[in-house]
Amino acid sequence: MSIIALAGSPQAFASASGGKIRAYNAVTTTPAVVAPANAFRQKITFHNPGTVDIFIAPSLVVNAAGASVALSPTTSALGGCWRVFSNGGALEIAGECQGAWQAFAASGTTNALTVMDSNI
């Protein structure tokens, strides 16, 4: 006997689901969580439709001793960040991306960011 189901359909089992899209329109220069931790996440995509570069970073990173520690990036301390360029830049992370993700802008207070989170 086989079970056949499409992701997100009523017969899908486990935590399979299609994309969850989050829209932000007030990204500032202060880091804020834009995607909470999701143990079932397989891929996450960040898209910058705005006119200011956005920085994406995990909320936790591994330090030299191998321990997970909170990351508090700034516009002058960008270690641990990826830059998503303005006017359509995108960043896709697949595989080990289940932790929480934060974002902040290079400048301004009304910057846009689109985040798509997928469990499949």
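The accessible surface of the chain comes to about 6800 Å², and 59% of that belongs to carbon and sulfur atoms; such areas come from the Shrake-Rupley method with a 1.4 Å probe, and for residues only the protein chains shown count as cover. This is a predicted model, in which local features need pLDDT of at least 70 and side-chain atom pairs count only at pLDDT 80 or more, while totals for chains, interfaces and linings use all residues. Residues are numbered from 1 along each chain as its sequence is written, and side-chain values use heavy atoms, with hydrogens and water left out.

**The whole chain**
- You will find zero helices and ten strands here (DSSP runs numbered from the N terminus: H or I of at least four residues for helices, E of at least two for strands).
- Of the 120 residues in the chain, 33% are buried (buried is under 20% relative accessible area, exposed is over 50%, and partly exposed is in between, with a 1.4 Å probe and protein chains only).
- Among contacts (heavy atoms within 4.5 Å) with a separation of 6 or more, 81% join residues 24 or more positions apart.

**Strands S3 and S8**
- In a regular strand, side chains alternate between the two faces of the sheet.
- S8 pairs with strand S3 (residues 43-48) in the antiparallel sense, over six bridges (pairing takes at least two DSSP bridges between two strands).
- Look for threonine 45, whose bridge partner in S8 is glutamate 92.

**The nonpolar cores**
- A nonpolar core is a set of buried Ala, Val, Leu, Ile, Met, Phe, Trp, Tyr and Cys residues joined through side-chain atoms within 4.5 Å.
- The largest one has 17 residues, of which Ile44, Phe46, Ile56, Trp101 and Leu113 touch the most other members.
- Strands S2 (32-35), S3, S4 (54-58), S8, S9 and S10 each supply at least two residues of this core, and its largest share, three residues, comes from S9.
- Another core, of five residues, lies apart from it, with Ala57, Leu71, Cys81 and Phe104 among them.
- Leaving aside neighbours within four places in sequence, the contacts of isoleucine 44 include Ala35, Leu91, Trp101 and Val115.

**Serine 107**
- Serine 107 sits in the loop between strand S9 (101-105) and strand S10 (111-118).
- Its relative accessible area is 38%, so serine 107 is partly exposed.
- Serine 107 and threonine 28 are 79 residues apart in sequence, yet their C-alpha atoms are 6.9 Å apart in space.
- Not counting residues up to four places away in sequence, serine 107 touches Thr29 and Val52.
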